[in-house]
Each structure stands twice: as structure tokens, then as C-alpha cells.
Amino acid sequence: MSAAVSTPPPSTSTAADVLLRTEGLQVHFPITQGLIIERRVGAVRAVDGVSLEVRRGETLGLVGESGCGKSTFARAVIRLVDATAGRILFDGSDITSLHGDGLRRIRRRMQMIFQDPYASLNPRMTIGSMLAEPVRLHRIASGAEAEKRVKHLVELVGLPRNAINRYPHEFSGGQRQRAGIARALAVQPEFIAADEAVSALDVSIQAQIVNLLSDLQREFNLTYLFIAHDLSVVRHISDRIAVMYLGEVVELSLSKELYDRPLHPYSIALVSAVPIPDPKVESRRKRMILRGDVPSPANPPSGCRFHTRCWLRRELGDPERCTTETPELRELVPGHAARCHYAEELLGRDRREKLVEVAASHSDPRDADEETVTAPDAGPAEDQTVVPGDPLHP
Ligand SMILES: Nc1ncnc2c1ncn2[C@@H]1O[C@H](COP(=O)(O)OP(=O)(O)OP(=O)(O)O)[C@@H](O)[C@H]1O
Ligand code: SF4
Ligand SMILES: [Mg+2]
């Protein structure tokens, strides 16, 4: 177990404020070999020691590149996949190994909304029967009372009344996502994990669904874990944001603070790539390009997992510590933590801006020489991963 696994998350909240808490949560998927006798030859360390709190009524945003473990983390906390190690506490109770009735009871309180509602809605069921099913199954209501509840759910999420008798394929993507939200709400949950819930939608529809989720949160005091690769969407809805890299949380802070003053070199690269609507500001801005392939979660780099792509390490003359010593997630200012030995270098505004400017000028494809960097529209060079406008899904 690395030092990072036992690191407590930065927090000033009391136990009563916290609805969900993970302690050193690990989810490893075995890699096996052999057709007749299967041998375990390794493991994909999808989630590798994540300690996080989600406070009652808040939205915790979770961002990071494809494959960094966001979905696996969400699936583990709502107990769709088993934890390899660590603990999950919901409302103060350890739910890590719950089974049977205990798990069913807790499932009612935790729901998930998926990226593709079409895949999670039964195409042969009308929206009405799909919503009535969990209401009856969890004995929330029956008979006329259940029908009333279904009508109420349909209205709550802004679907037309006649949606009750229609099938998922009759709806647009945004409407289907509304149906997915209604289904999650049917069992009156307290916690919802929204996994890329708006990522497949057009920008204008995204905003409508995000607003709907915010309204519902206020009305029912819901707590959200909101996963998205679009940093601007996460910013809009999140109170706090956790940034993941290769199975670990590398930064955790208030949403605004993360955008104003990211303290991990990885987050700085992500934030630098979020497009700014003002074309003048956008054209002057330096982008940070992350070089190097994303390492395999089956064989993460030694020391700091980000060291193979870290621009700050290069600017600091490649200190050995980055490759030999695992950094902990440290609180650097109240409520703001980063997993970097040298995050203090980025605390002071002048020093940070200087470092970022120099590193970005080495990496921005608009400035750099063609031998070392390739412009985003030309595709990444062999030894580079380019972070263009959409930083997490290039
Ligand atoms: N059931 C599984 N068996 C084996 N490996 C898995 C399984 N589920 C996920 N993984 C691996 O675990 C790692 C994390 O995957 P995960 O889906 O959690 O990432 P993600 O951050 O949600 O990515 P994306 O942004 O693409 O959705 C990946 O390397 C993935 O291939
Ligand atoms: S510990 Fe080193 S490699 Fe890791 S983020 Fe900090 S400077 Fe970069
Ligand atoms: Mg995912």
C-alpha cells in the first residue's frame, strides 16, 4: 500500500456533514493468462487508494482523462463493483461488504445516471411502466398512489404528460436523459452518481439538463458525484472538484479555486486547455501540452505517477524525488490539496505564472518548432499526447 492510500482527504467537515466517504478505496481488475488454467499475471489498478468525502447536499465534480478510473470509482461507491481494498462509508455506515437485504436497502438511497440513457432504459417498456417498476419494487407506493407518483416524476423532469405511454425510442437524447433522471429519482435517493450524464448531448441541451439537476438538487437536498470530461460543465455544477490521474486523486479543491489557482501540474494543463469564449484572450493564451503517452494503469510509473509527463518536473531540472518517492495528497491551503512534492512552487502567483509561461512556451503548438510538437489538428506526434480544446478526450 502506498503512502497515498492512507492519506486523509483535506476537509473541515464534520462526520454529520458527510454523506459518502471513501478511505483508501482500491479497485483492481485481475489480468489473467492461460486458457485451461487461468493464472493471474497482474492487475489493472483502476482505482488505487482514493480517499474522498462527498458532503450532504453538495456536488463533487470528478474529472480526468479517459481510463483514469472515474467510472470505476462511481461504480464502486454505489456497489456495482467490489472494492479490492479500502472502505466505503455511507451515512456513517460501512457498506464496503454489504450483501442481500442490507445492500438492497442502501441501493435505494444511491442511484446512478449514465451517459447513454438509451442503453439503460428498457426499449420494450413505456416510460410509465419503467418508472412504476422501482416505485413498486421498493414498496414506495402501489396502485393509484404509484400512478400518481409516476405522473409527478414525469412532470418533475419536464417531460410531456403523454410520455407515460410512450417508448424510449420516441424521444430525443435530452428527453431520454430526463427519463433516466426520473428513473433515478423514482426511489427517492439521497445520492446520485451522474457518470458523463450530459457528455453525449448538444451544448444547449447539456445546459438544460445541468439546470434540471441543479433544481432537483435544491428541491430534494440531493448529493451528487458528477463525472464529466468537459471541465466547463463540471465547473458550472460542482461545489468542489477532484481531479483524477491513473487511479489516484491528484487535486481536490473548491470549484472556482481549481480554475483560478490549480496547484497540480496536471490540473494546470487541463485548465489551460479549456477554451475561453473571448477570441482576443483565447489567442493570447498559452496552452500547456502534455507530452508522453498515458501510462498503463496495470503498470503505473514509480514515485509520482505523473512524472513521465510532468512539465513542472522538467522546469525544475528533473529532480530524482519525483521518480522515487510517492507524493501524498497534501492540503496546501485550507480546503485545497494537491499530490505533488513541489506544489509550493505553484502557490505564489508570480512564480506560478512564470513557470507556466516558460513551460507553455516550450509546449504550445502555436509557438513551438514543428520537430518537437505537433499541432492538435494534425494529430499527436508519436511521443506526445496533445491536450487540445477538449482536454480530456482529445
Ligand atoms: N471490468 C473491467 N475489467 C478490466 N478492466 C477494466 C474494467 N472496467 C474498467 N477497466 C479498466 O480500468 C481503467 C479505468 O476505467 P474507467 O472506465 O473507470 O475509466 P474512466 O475514467 O471512466 O474513463 P472514460 O472517461 O473513458 O469513461 C481502464 O484502464 C479500464 O480499461
Ligand atoms: S511530484 Fe514531481 S513529477 Fe509529480 S507532479 Fe510534482 S513535480 Fe511533477
Ligand atoms: Mg467512464
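Helix H1 gives three residues to the shell around ligand 1, the largest share. Before going on, note that this is a predicted model, where local features need pLDDT of at least 70, side-chain atom pairs count only at pLDDT 80 or more, and totals for chains, interfaces and linings use all residues. Residues are numbered from 1 along each chain as its sequence is written, while chains are lettered from A and ligands numbered from 1 in the order in which they are written.

Back to the ligand. In all, 13 residues surround ligand 1, and the closest are Phe29, Ala46, Ser66, Ser71 and Thr72. (A residue is near a molecule if its C-beta atom, placed from the backbone, lies within 6 Å of it.) Two elements give two or more residues each: strand S2 (39-55) and helix H1 (70-77). Helices (H or I, at least four residues) and strands (E, at least two) are DSSP runs, numbered from the N terminus. By type, the shell has five nonpolar residues, seven polar and one charged. Here Ala, Val, Leu, Ile, Met, Phe, Trp, Tyr, Cys and Pro count as nonpolar, Asp, Glu, Lys and Arg as charged, and the others, Gly among them, as polar.

Now for the sheet. Eight strands make an open sheet with mixed pairing, in the order S6-S7-S8-S3-S9-S10-S12-S11. Strands S6 (110-113) and S11 (330-333) stand at the edges with a single partner strand each, so one side of each has no neighbour in the sheet. From one strand to the next, the twist averages 25°. Strands count as paired if DSSP finds at least two bridges between them.

Let's zoom in on S10 (residues 248-254). Six of its seven residues are buried, meaning that 20 or more other C-beta atoms, placed from the backbone, lie within 10 Å of a residue's own. Its two pairings look like this:

| Partner of S10 | Sense | Bridges |
|---|---|---|
| S9 (residues 240-245) | antiparallel | six bridges |
| S12 (residues 336-338) | antiparallel | two bridges |

Contact means C-beta atoms, placed from the backbone, within 7 Å; axes are lines fitted to C-alpha atoms, for helices over the stretch in contact, and angles run from 0 to 180 degrees between N-to-C directions.

Conventions. Buried ≥ 20, exposed ≤ 12 C-beta atoms within 10 Å, placed from the backbone.
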